[in-house]
Structure formats: structure tokens, C-alpha cells
Amino acid sequence: MAANTHHRLLSSTFSTTILLPPLKRKTTSISLISARADSRPLRAAVIGGGPAGSSASEALAAAGVETYLLERNPGGSKPCGGAIPLCMLDEFSIPEELIDRRVTQMRIISPSNLHADFGKTLRPGEHIPMLRREVLDAFLRRRAESSGARLIAGLFTALESPSSATEPYIVHYVKDGSVNTIAVDVVIGADGANSRVAKAIDAGPYAQAIAFQERIRLPPAKMERYADLAEMYVGGDVSPDFYGWVFPKCDHVAVGTGTTVARSQIKKFQAGIRARAGGKIAGGEVIRVEAHPIPEHPRPRRVRGRVALVGDAAGYVTKCSGEGIYFAAKSGRLCGEAIVKIWKKGEGMVTEEELKKEYLRKWDGEYLGMFRFLDLLQRVFYGSNIGREALVEMCQDEYVQRMTFDSYFYKRLAEGDRWKDVGLMLKTVASLAKARIVGREMENLMEMQQLVGNKS
């Protein structure tokens with residue numbers, strides 16, 4: 001965490017390859033009805049039943065859209081750090097009983113074990129809710145179903161594009177060993193970093209990071225330490241370009257790390273975070289090992305024809321922190337609401353131009369600056385141990401901590417005190433000078449300051 005940053009906690013980890021069994025060629029019959037919705041509801045297929053897909057499905061179905069939510073494994077769980085911003089509880093009506101822990105202490109630890117403790121600047125009632133993705137995802141899917149979405153436990157395999165603007169898309173999926181199809185007017189791809197929908201529409205290349213995590217059940221006395229504490233470790237031993245973490249869950253901790261530039265060495269870095277945590281997690285039982293890819297930036301093309309990408313499939317995970325849960329749910333809801341608005345305002349047609357206007361422009365206008373800021377923050381501070389030392393030193397400043405919490409909790413670039421911002425800028429330069437990286441990173445630092453100034 002640093003000046004005006006929006007420190008996010010890692011919320012995704014590495015998908016496994018799916019080996020399909022021999023298929024029985026049983027294809028359902030379909031009717032090729034045009035994309036006009038004059039005499040029937042609009043039809044939508046949402047591929048992926050995580051926070052992005054479920055939020056999109058709920059918005060669509062609640063407005064009367066005939067919605068199919070396709071999820072390959074409704075009973076499974078995705079590896080995830082599990083932190084969400086405080087604003088998400090009210091914005092998405094998340095029940096209190098879904099929350100495992102309420103973190104009120106956040107500690108970031110440097111390569112030399114210098115640490116900055118966040119928590120004393122919290123206002124009454126502020127905390128970081130921690131939950132399990134398997135619990136959250138199941139709840140959001142049930143809510144989408146209660147709004148009218150039809151949940152299909154099947155694996156998406158292919159998408160046939162229409163030959164004209166009035167013909168439907170044909171979604172192919174496998175259920176119980178049989179190939180099935182659905183004809184729909186619009187498609188939302190919410191199927192993660194390795195999105196098949198993105199490949200189907202040629203969404204373009206993008207970089208991925210790898211996250212690796214072990215869930216460890218600690219002895220009760222050691223688990224008590226993490227009742228309301230989350231720890232982040234920075235250093236070349238735990239990641240060359242990210243951080244390692246120890247996050248509390250209901251009855252265990254999640255211990256993990258991530259990297260983009262050295263993915264083949266992920267297990268070495270996992271050993272590094274376990275060594276850094278040391279005796280605090282010693283004697284624990286590993287109850288699950290998880291890994292998953294996370295996107296490094298938004299895809300070049302997120303809307304094509306009547307197909308839109310949301311969540312990890314669109315690349316909505318922040319640099320520097322790896323946060324994705326809130327942005328997944330938010331983008332899914334925004335996209336679903338955009339489709340409903342387009343459908344109901346005119347002739348019932350959904351077009352690429354309207355999707356870009358009502359979904360992409362609004363999303364980029366709200367969050368693109370934030371994503372760029374965190375990208376720059378990572379480039380300034382995460383590239384070397386001396387930069388990481390400077391980062392932790394800055395995070396000891398109470399003004400930095402307050403601005404960080406304001407940005408993270410409420411999902412906006414925090415507006416600070418102008419004179420304190422000037423002082424913070426000088427402190428940042430001093431920290432970088434002390435770390436001997438001023439010349440290399442000053443241009444990035446100035447760009448960061450300009451981004452914050454433009455947003456204020």
C-alpha cells in the first residue's frame with residue numbers, strides 16, 4: 001500500500017485443464033428466431049457462474065430477460081483470497097452470515113521485516129470482510145435463480161456466430177455427456193481468465209499471472225492470532241513482482257503468492273512465503289492446495305457483436321493487489337443492466353454500438369483510471385527489494401493509511417488534503433531517493449500524481 005493507492009487483496013488463483021469424456025452426440029432442437037424482441041422476451045446466455053456471471057444473470061432475469069446461466073461445476077469452489085471491500089456488503093446485499101472474518105488489522109512486511117500496521121486509522125465499523133468463494137458464489141447463483149435465471153450445470157464448448165444482425169447465437173455445451181445447444185440473442189462471457197467465450201470472439205491476447213495458495217488449519221492458539229489480522233509479505237523471496245499473503249478464513253488461513261514474470265517458479269515462491277510466515281503457521285495441516293490464473297490487464301476487445309465479457313474474462317483484476325471479486329460482480333451487474341436498458345428503450349434490438357456505449361464507456365469512465373494508477377504503483381514499488389522497503393516505509397504514514405482505506409473500502413480514488421498531498425509527494429521522493437531508484441521511476445511517479453490530480 002502507498003500514497004492514494006487502493007490496496008486490494010488477492011482474490012483469485014489457477015484453473016485446471018478439463019479433460020472431456022467421450023461424448024454422446026445428442027443435440028437439442030432449436031428455433032432460429034431473430035434478435036428482435038417484439039413478441040417475446042430477449043434471450044441471454046451467461047457463461048460462468050461466479051460473481052460476474054451471477055450478478056449479470058440476476059440483473060437480466062429480474063428485468064424479464066429469458067436468462068440461461070451456464071456453470072460447469074456449481075458444487076465446486078474457486079481458489080480465492082476472499083477479501084471484499086466494505087461497500088460491497090450494502091451494494092450487493094451480502095448477508096452477514098456469509099462473512100467468516102472481519103479484519104481490522106492489516107500488516108505489510110518488508111524484505112528486511114520492517115512492517116507497517118494498518119488499523120489504527122480505521123473509523124468505527126470499518127473492516128475488511130473475509131469470506132469463502134464457494135459460499136459467496138453459491139449464494140449469488142441462488143439469488144439469480146430466484147430472480148428467474150435458469151441454472152444449467154454444463155460445460156460451454158463453442159459459440160456459433162450469426163450470419164446477420166437478426167439471427168441468434170448458438171451456444172454449445174456439454175451436460176451429462178451429451179452435447180446441447182441454446183439459441184440466444186446476447187451472450188455474456190463470465191468464464192474466467194481462460195475464457196472460451198473470449199477466444200470465440202477473438203478478444204485478443206493478454207498477460208496472465210499465476211496465484212498459488214494453500215489452505216492451512218492451524219492449532220487453536222495460533223489461529224487466534226489471525227482472528228482479525230491479515231498479513232502481506234513483499235520481497236524477492238516470496239514474489240518478484242507481487243506479494244505473499246496470510247489471510248484468515250472461518251477455521252483456517254489461506255497462505256499464498258503470485259507472479260507474472262516467473263510463473264514456472266511459483267512453488268519456490270510458495271516455499272518462500274511459508275518460510276517468512278515461519279513459526280506463526282508451523283504445525284498447521286494443509287487441507288487444500290489451489291492454483292489459478294489471474295488476468296493482468298483488460299482485454300483489447302471486450303465487446304464484439306452481441307457478446308460482452310465481464311469479470312476475469314474481461315481482465316478486470318487490479319495490478320498491485322490482485323483484487324477481482326468486487327470488479328467481477330460490478331461489471332456483471334453493469335453489463336446486465338446495460339443490455340436491459342438497450343432492449344427496453346427502443347426496438348428490442350441489442351447492437352455492438354449500444355453495448356459499447358451503455359456498458360464499456362461507463363465501466364472505463366468509472367474504473368480505468370484506478371486500474372492505471374495501480375499498474376503504475378506496481379511498476380514503481382514492486383520491482384526490487386529496495387523499492388519494496390520504500391513502499392513499507394511510506395505505509396507507516398497515517399495519512400497514507402487513511403487514503404488507502406478510503407479508496408479500498410468505497411471504490412473511488414480518494415480526495416485528500418492538497419497540502420498533505422504535497423508533503424506526501426515529497427516523502428515519496430525521499431523514500432525513493434533513499435532506495436536509490438529515483439532516476440528510474442520518477443517518470444512513473446509523476447504520472448501517478450497526475451492521475452490522482454485529474455481524478456480529484
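Analyst: Contact here means heavy atoms within 4.5 Å. The model is predicted, so local features need pLDDT of at least 70 and side-chain atom pairs pLDDT 80 or more, while totals for chains, interfaces and linings use all residues. Numbering runs from 1 along each chain as its sequence is written, and side-chain values use heavy atoms, without hydrogens or water.

The chain holds 13 helices and 18 strands. These are DSSP runs numbered from the N terminus (helices H or I, at least four residues; strands E, at least two). Of the 456 residues in the chain, 59% are buried. Buried means under 20% relative accessible area, exposed over 50%, and partly exposed in between (1.4 Å probe, protein chains only). Take the contacts in the chain with a separation of 6 or more: 75% of them join residues 24 or more positions apart.

Now the packing. Helix H8 covers residues 325–345, and helix H9 covers residues 352–381. Their axes are 8 Å apart, and the packing angle is about 155°. Axes are lines fitted to C-alpha atoms, for helices over the stretch in contact, with angles from 0 to 180 degrees between N-to-C directions. H8 is therefore roughly antiparallel to H9. The classes are: under 35 degrees roughly parallel, over 145 roughly antiparallel, 65 to 115 roughly perpendicular, the rest oblique. H8 crosses H9 in a right-handed sense, meaning that the near helix is turned clockwise from the far one by less than a right angle (left-handed if anticlockwise).

Who makes this contact? From H8 come Tyr326, Phe327, Lys330, Ser331, Leu334, Cys335, Ala338, Ile339, Lys341, Ile342 and Lys345. H9 supplies Glu354, Leu355, Glu358, Tyr359, Lys362, Trp363, Tyr367, Met370 and Phe371. Sorted by class, the contact of H8 with H9 has 13 nonpolar, one polar and six charged residues. Nonpolar covers Ala, Val, Leu, Ile, Met, Phe, Trp, Tyr, Cys and Pro; charged covers Asp, Glu, Lys and Arg; the others, Gly among them, are polar.

H8 has another partner. Helix H1 (residues 51–62) brings its axis within 7 Å of that of H8. The two cross at roughly 30°, so H1 and H8 count as roughly parallel to each other. The H1–H8 crossing is right-handed. On the H1 side sit Pro51, Ala52, Ser55, Ala56, Ala59 and Leu60. They meet Ile325, Ala328, Ala329, Gly332, Arg333, Gly336, Glu337, Ile339 and Val340 of H8. This contact of H1 with H8 has 10 nonpolar, three polar and two charged residues. Ile339 takes part here, and Ile339 is also listed in the contact with H9.

What touches H9 from elsewhere? Strand S17 (residues 303–304) contains Val303. Leaving aside neighbours within four places in sequence, Val303 contacts Ala308, Glu352, Leu355, Lys356, Tyr359 and Leu360. Among them, Leu355 and Tyr359 also belong to the H8–H9 contact. Val303 is buried, at 5% relative accessibility. Its C-alpha lies 10.0 Å from that of Thr351, 48 residues away in sequence.

Further along is Ala314, in helix H7 (residues 311–314). Ala314 is buried, with a relative accessible area of 0%. Not counting residues up to four places away in sequence, Ala314 touches His297, Pro298, Arg299, Arg302 and Leu309. Ala314 and Tyr206 are 108 residues apart along the chain, and 10.0 Å separates their C-alpha atoms.

Next, the cysteines. The whole structure has zero disulfides, a disulfide being a pair of cysteine sulfur atoms within 2.5 Å. For Cys395, the nearest cysteine sulfur belongs to Cys320, 9.0 Å away. Cys395 is buried at 0% relative accessibility. Cys87 is buried too, at 17%.

Lys199 sits in helix H4 (residues 196–200) and is exposed at 60% relative accessibility. Ser93 is partly exposed at 48% relative accessibility. Asp176 is exposed, at 67% relative accessible area.
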